[in-house]
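Me: I would like a close look at a single part of this model rather than a survey of the whole. Please take one element and follow it carefully from one feature to the next.

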Amino acid sequence: MNTPSTSVSPGLGGFLAFFLLAIALWLLMRNMNKRVRRMTYREEQEAARRAAEAASARGEGPAEGPVDGTPDGAAPGPQDVLGDGRPGPTGDGSRGPDRTDRPGA
């Protein structure tokens, strides 16, 4: 009555595969969160720009100053423009804050 052992475990290979999948998932989620934050920030900037355009069309003028971060009346310089031709959100050519100060981030 010598029965073979029936306990089978995934072993080290299974652990390493699961660990690599977990790291890949973490990196993908981190990248997705960064892109969603950037998209939300751009949507806020676009809404502010549209509101400023609507106010100027009604003849009211801007409510809070320039939207693109440049001083009043100043044209954006080459350092103020992102690679896609739009002004940078901070006016200095950088992508802007990481937005980690938002609730739920």
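What follows is a reading of one helix and the side chains along it.

Reply: The model is a predicted one, and the protein in it has one helix and zero strands, so the part to examine, under the rule that a helix is a DSSP run of at least four residues, is helix H1. This helix covers residues 11-57. H1 has 47 residues, and the distance from its first C-alpha to its last is 69 Å, close to the 69 Å expected at 1.5 Å a residue.

For context, 10% of the 105 residues of the protein count as buried, and the protein exposes about 8,500 Å², of which carbon and sulfur atoms supply 60%. Among contacts in the protein with a separation of 6 or more, 23% are accounted for by residues 24 or more positions apart. Within H1 itself, the buried residues are Arg37, Tyr41 and Ala55.

Consider next the nonpolar side chains. A nonpolar patch on the surface is formed by Leu12, Phe15, Leu16, Phe19, Leu20, Ile23, Trp26 and Leu27, which together have about 850 Å² of accessible area. One of its members, Phe19, lies in helix H1 and has a relative accessible area of 42%, which makes this residue partly exposed. The class follows because partly exposed covers the range between the 20% under which a residue is buried and the 50% over which a residue is exposed.

A pair of aromatic rings is described by the distance of the centres and the angle of the planes. The count of aromatic pairs comes to one, and that pair is Phe15 with Phe19, whose ring centres are 6.0 Å apart and whose planes stand at 20 degrees to each other, an arrangement classed as stacked. The pair is counted because its centre distance falls within 6.5 Å, and the term stacked applies because the angle is under 30 degrees. Both Phe15 and Phe19 belong to helix H1, where they are four residues apart, about one turn of the helix.

The charged side chains come next. Side chains of opposite charge can pair when their charged atoms come close. The count of salt bridges comes to three, and Glu46, Arg49, Arg50 and Glu53 are linked in a network of salt bridges.

Starting from Glu46, this side chain meets that of Arg49 in a salt bridge with an N to O distance of 2.2 Å, the two residues both lying in helix H1, three residues apart, about one turn of the helix. Glu46 also meets Arg50, at 3.7 Å from N to O, and here the residues, again both in H1, are four residues apart, which is likewise given as about one turn of the helix. The value of 3.7 Å still qualifies because the salt-bridge cut-off is 4 Å. Arg49 in turn forms a salt bridge with Glu53, with the closest N and O atoms 2.3 Å apart; Arg49 and Glu53 both lie in H1, four residues apart.

Finally, just after H1, Gly59 takes a positive phi of about 85 degrees.

Notes:
Residues are numbered from 1 along each chain as its sequence is written. This is a predicted model: local features need pLDDT of at least 70, side-chain atom pairs count only at pLDDT 80 or more; totals for chains, interfaces and linings use all residues. Side-chain values use heavy atoms; hydrogens and water are left out. Buried means under 20% relative accessible area, exposed over 50%, partly exposed in between (1.4 Å probe, protein chains only). Contact means heavy atoms within 4.5 Å. Accessible areas come from the Shrake-Rupley method with a 1.4 Å probe; for residues, only the protein chains shown count as cover. Patches are made of residues with over 30% relative accessible area and no salt bridge: like charges are joined within 9 Å, nonpolar side chains (Val, Leu, Ile, Met, Phe, Trp, Tyr) within 5 Å. Rings of Phe, Tyr and Trp (its six-membered ring) pair if their centres lie within 6.5 Å; planes under 30 degrees apart count as stacked, over 60 as edge-to-face and the rest as tilted. The expected span of a helix is 1.5 Å times one less than its number of residues.
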